[in-house]
Amino acid sequence: MTSQPRTIVIDTPPTPNGNLHVGHLAGPFIGADVHARYLRATGRPVLYSSGTDESQTYVLSSARKAGTTPERLSGDSWSAIRETLRLMGISLDGFAPYDDRYRATVLDFVRPLYEAGKFRLRTVRLPYSERLGEFLVEGLVCGDCPICLSESRGGLCETCGHPNNYDELIDARSTADPTDVLTVREAEILVFPMEEYREQLEAYYRERLSGFRPHMAQLIRELFARPLPDLPVTYPLSWGIAAPFAQTPGQVVNAWVEGIPAVMYTTAYAAEQLGERPEGPTDELWRAERGNRLVYFIGFDNIWFWGLTHLALIMAHEGRYIVPDAMVVNEFYELENEKFSTSRGHVLYCDELLAEVPRDFVRYYLALANPENQRTNFSRAALTKVVEQRLAAPWRRLAAGLERAAEAVGTGVLPVSAAARERAAIVLERFALCYELEGYSPTRAADLIAVQLERLARWCDRLGEGVDGPDRERLGDLFLEVKVLIAAASPILVDLAEAAAERGGFDGLMTAEAFRVSEVKPFELPSLG
């Protein structure tokens, strides 16, 4: 296995309670994929992985609603999710299975913390279904959030991002059967005392908070303004990984505690898919001494868990592991100005959309309308209009102009001027500002593609029907700048990049050095979509 440090890109594992819809892809997956592709195109080592979050109670609640078993639902969903990610061109180095090695990695992560006395035994009050004879937590229960009064599931409010534990929901009710009258019963569980890690967490965010998107920064400040609630480590449930602790017999590990060891496992799995053989345990690439960088791509509703509880769990291992260098957070994505809702049938699955719309068009629109700082909206009519006006139509003009140019000059090489090389460097620099984490924005990158495409299309428009005189002398510049645009767009327009590579219009790199050339060979521009 290579010892060269790399960027570990983590896309929070989706819950396998169904296939991925457009809202799922528009946030973390598109964001993570574009950044990972950019890193590769600039020659930087990257390892991008994901898997599924099978232990979530949402799998159990969804299975009950669908009249199937959670095992069957999660297995079918894992296969469907993996296929959807492939169809969308998400460039994962590995999509890990939920298997015995996954479960062993989770237990290897929590056992040392338990043995070191990092967990506490607490008696808590939990919603209870007398009819079913079981406790209802997390995705099994809903009610009103005690912080913002919006409807919320147990454990976390998606609207305000604040956690709610135990019996804190107002008017708690079953998600599977709202008519079920719930009571409250006491249970003795293990918890992780988050407040004990306040000082370390505040120190981490003091150095980084100004670099996060505004809504995340606001939520972090809100969370630190209150006592940090305990994180449940075990629950008295039947679904999940059996907890190996003598103090909590018959309980399972809280699915949210699995997050970090889960992605340690997906990282190791991805490395193996690249042909690497681990030199140590599953968590090897996360060891601090390896010096790797770590980047999360998460939704706003995951900040409490990934931005605080998981970070504290890493810290509890006392320097053993790396901490994230950055967390890129997105807001929610709506469908035709309404929230995605599988239960109401208000949903658009990615595989259905891709059966009708070319993949690059979908990726471009999801990047352009990315919910970076506020809720944004998917509209089929808008997709058609925006893609045609900003991408497809100017591309056809550009392709027609380049075809005339290629016919005029034949197959020989063309000189490139110093001015064109300077413009190429300017374009790459502008795109780098969108792709680098300091100002990461797929939306601005997609907009920049349209701006530069229109500029080059106007250049081709001016060529007219003939290519001679000064126009002929500048054709090398035109071909070079088209190659630069294809390279800069390659993290988003993946099929275009692949087709251009076959025609000599893209060599896989988008570095300034790759375009410091004195001549260029004409090439046929591929169709888009």
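Author: Helices α13 and α15 are roughly antiparallel to each other. The model is predicted.

Reader: Why are α13 and α15 called roughly antiparallel?

Author: Take the angle. The axes of α13 (residues 442-463) and α15 (residues 475-489) cross at roughly 160°. Angles over 145 degrees count as roughly antiparallel. The value passes that cut-off, so the pair is roughly antiparallel. The two axes come within 11 Å.

Reader: Which residues of α13 and α15 make the contact?

Author: From α13, they include Ile-449, Leu-453, Leu-456 and Trp-459. From α15, they include Leu-478, Val-482 and Leu-485. Arg-455 of α13 and Asp-477 and Glu-481 of α15 also take part. By class, the contact residues divide into 11 nonpolar, one polar and three charged.

Reader: What is the handedness of the crossing of α13 and α15?

Author: That crossing is left-handed.

Reader: What makes α5 and α8 roughly perpendicular?

Author: Again, the angle. The axes of α5 (residues 198-208) and α8 (residues 303-316) cross at roughly 115°. The class of roughly perpendicular covers 65 to 115 degrees. The stated value falls in that class, so these helices are roughly perpendicular to each other. The axes come within 10 Å, and the crossing is right-handed.

Reader: Where do α5 and α8 meet?

Author: Gln-200, Leu-201, Tyr-204 and Tyr-205 of α5 meet Gly-307, Leu-308, Leu-311, Ala-312 and Met-315 of α8. The classes are seven nonpolar, two polar and no charged residues.

Reader: How do you know that strand β15 is largely enclosed by the rest of the structure?

Author: Count its buried residues. Buried means under 20% relative accessible area. Six of the seven residues of β15 (residues 293-299) are buried, so the strand is largely enclosed.

Reader: Which strands do bridges join to β15?

Author: Strand β1 (residues 7-11) is joined to β15 by five bridges, and the two run parallel. Asp-11 has Phe-297 of β15 as its bridge partner. Five bridges also join β15 to β16 (residues 326-330), again in parallel. There, Gly-299 stands opposite Asn-330 of β16.

Reader: What makes β18 and β19 edge strands?

Author: The sheet is open, with three strands in the order β18-β17-β19 and mixed pairing. Strands β18 (338-339) and β19 (376-378) each pair on one side only.

Technical notes. Residues are numbered from 1 along each chain as its sequence is written. This is a predicted model: local features need pLDDT of at least 70, side-chain atom pairs count only at pLDDT 80 or more; totals for chains, interfaces and linings use all residues. Side-chain values use heavy atoms; hydrogens and water are left out. Two strands pair if DSSP finds at least two bridges between them. Helices (H or I, at least four residues) and strands (E, at least two) are DSSP runs, numbered from the N terminus. Axes are lines fitted to C-alpha atoms, for helices over the stretch in contact, and angles run from 0 to 180 degrees between N-to-C directions. Angles under 35 degrees count as roughly parallel, over 145 as roughly antiparallel, 65 to 115 as roughly perpendicular and the rest as oblique. A crossing is left-handed if the near helix is turned anticlockwise from the far one by less than a right angle, and right-handed if clockwise. Contact means heavy atoms within 4.5 Å. Ala, Val, Leu, Ile, Met, Phe, Trp, Tyr, Cys and Pro count as nonpolar, Asp, Glu, Lys and Arg as charged, and the others, Gly among them, as polar. Buried means under 20% relative accessible area, exposed over 50%, partly exposed in between (1.4 Å probe, protein chains only).
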